[in-house]
Amino acid sequence: MLQSLDDQIVFAPRWPASPFPGLRPFRVTATEDESLIFYGRNRAKDEILARLNSSHLVFVVGPSGCGKSSLLKVGVIPALEAGLLTHAGANWRIAEMRPGDRPVRNLACALAALRTDADGNDVSDQVYDVLCSDENGLWLVAETLAPRAAPNPLLILIDQFEEVFGSQIVAPSEAKSLLELIVAFWAKAHPNLFLMVTMRTDFLEQCANFPKLADAINATLFMTPVLRDSEIKSVISMPPEPYHGVVEDKLVEAIVKDTSSEIGYSPDHLPLMQHALSWLWNNAVSAAGLSNSPPRPDAIAPSKIIMLTHDRYVAHGGLKGILNEHADAPGRTERARTTHRPGGVYPPVGTRREPISPVANVRHGSCNACRLWGSGAGKSRFGIFRSERLLPGSPAFGARSGRTHRRESRKPDSSMGQVARLGRRGGRKDSKISRARCVGMPVAAS
Ligand SMILES: Nc1ncnc2c1ncn2[C@@H]1O[C@H](COP(=O)(O)OP(=O)(O)OP(=O)(O)O)[C@@H](O)[C@H]1O
Ligand SMILES: [Mg+2]
């Protein structure tokens, strides 16, 4: 049967402009679906679906930069939307958030955004009050947003959960509340609610200080494996194919060698590889004279194949050389001061110590950028690269010295110290509004 025009538009694949996203995680937006260029994670995806199926909660843990966020955003979520968790169906509603400086407020905002029929601020306040006032808040909210009889399951993705341990948290009670909400949800999962959490392995230690959270993590952990060499080969060579591109075998081998887990894991391997591939792709597109109409899978094939060559990779200094070269591009220093785009790479912009934004603090605290800073130019470029990848939009990242990073990343965690103190005093509930006042929210869990 012929599809209507509307159906064809809805189901047309939304190819991204480039086969490689560069430094940032893969993502799905209204116009670009990067699950179409995502490879190497089928086994991990199946494992996570199995955990969601059995416990409705999964903690996706792994070393910094190993691909946790990408795996969930363009691996697991599209699989759920394709109906692969059969008993839940395919009509998912998805709330995605990061703890940031107000973990529960940010969760409430993400959940409220699902209610398109009401005033966003009102709903957000109501959800916030429910989440703050009852540790079964997730169950209560699910009853409203995804009642048990309804066909739309609700998925919450809490990305970069390690932020709850950061000193940027302005309301420590919210960090503690988020932990308690997760623990209560694990003890009693709502049939129509599923929860996925990503966290760097470095922060498992801090979780151990909260025994119930540790129990929940033990029962629901998925340890994200570093991509194997065979998987790295496919993530290099497969994405360009529909874009009429080819990666020389020799180049694939060289990158696999430079990033291999056999030489020891580095949190920079995967992002550096992505950055180099994205740069090589743009470079090859320009060399073919196609900058104005880069090849796309959904457009007429160009007259020339886009070739990513080993010679060009070597000529530009491999993974690190390409990073440095990009950082040295004319005009970049000025841009670094003014626009800090996610995924961009910028040169150092001074080493003066300046006031540091709270967001900058936590993300540096939660990454390994400090270890990359050092005397060599390459090292400081690396530092910038890590900073930029992890600090999109932070106004302060470029003005900080390596020493500052190092000192801060060693600083004992202040917000969770406060949370622990609050816990001892039993002072969790900071909501001024009682549950009964929450219009539209059921008061009692069944
Ligand atoms: N399967 C994959 N194939 C190719 N590149 C990948 C893959 N997964 C992730 N990447 C790339 O690796 C880098 C890190 O990815 P991502 O941000 O998802 O990792 P992460 O583990 O969430 O990092 P962090 O610890 O900083 O939160 C990004 O450049 C991303 O584009
Ligand atoms: Mg991540």
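This report walks through the sheet, some of its helices and the ligand shell of the structure above.

Welcome to a predicted model, in which local features need pLDDT of at least 70 and side-chain atom pairs count only at pLDDT 80 or more, while totals for chains, interfaces and linings use all residues. Residues are numbered from 1 along each chain as its sequence is written, and chains are lettered from A and ligands numbered from 1 in the order in which they are written.

**The sheet**

Let us begin with the strands. An open sheet is built from 5 strands in the order β2-β3-β4-β1-β5, with parallel pairing. Strands here are DSSP runs of E with at least two residues, helices are runs of H or I with at least four, and both are numbered from the N terminus. Two strands pair if DSSP finds at least two bridges between them. Because β2 (93-97) and β5 (221-223) stand at the edges with a single partner strand each, one side of each is left without a neighbour in the sheet. On average, neighbouring strands are turned by 20 degrees against each other, direction ignored. For such angles, axes are lines fitted to C-alpha atoms, for helices over the stretch in contact, and values run from 0 to 180 degrees between N-to-C directions.

Some of the pairings are set out here.

| Strands | Sense | Bridges |
|---|---|---|
| β2 and β3 | parallel | 5 bridges |
| β3 and β4 | parallel | 5 bridges |
| β1 and β5 | parallel | 3 bridges |

Met97 has Ile158 in β3 as its bridge partner, and Ile158 in turn is partnered by Val197 in β4. Elsewhere, Val61 stands opposite Met223 in β5.

Strand β3 (154-158) is mostly covered, with 5 of its 5 residues buried. Buried means that 20 or more other C-beta atoms, placed from the backbone, lie within 10 Å of a residue's own. In a regular strand the side chains alternate between the two faces of the sheet. In β3, Leu154, Ile156 and Ile158 point one way, and Leu155 and Leu157 the other way.

Helix α9 (residues 211-220) lies across β1 and β5, at about 85 degrees to β1. Helix α4 (residues 103-112) is mostly covered, with 9 of its 10 residues buried; among them are Pro103, Arg105 and Leu107.

**Two loop residues**

Most residues other than glycine have a negative phi. His56, in the loop between α2 and β1, has a positive phi near 65 degrees. Gln160, in the loop between β3 and α7 (172-187), has a positive phi near 55 degrees. His56 is buried, with 22 other C-beta atoms within 10 Å, and Gln160 is buried with 22 such atoms within 10 Å.

**Around the ligand**

Finally, ligand 1 is surrounded by 22 residues, and the closest are Pro25, Gly67, Ser69, Ser70 and Leu270. The elements giving two or more residues to this shell are α3 (68-81) and α12 (269-287). A residue is near the ligand if its C-beta atom, placed from the backbone, lies within 6 Å of it. The shell divides into 10 nonpolar, 9 polar and 3 charged residues. Ala, Val, Leu, Ile, Met, Phe, Trp, Tyr, Cys and Pro count as nonpolar, Asp, Glu, Lys and Arg as charged, and the others, Gly among them, as polar.

How values were computed. Contact = placed C-beta atoms within 7 Å. Buried ≥ 20, exposed ≤ 12 C-beta atoms within 10 Å, placed from the backbone.
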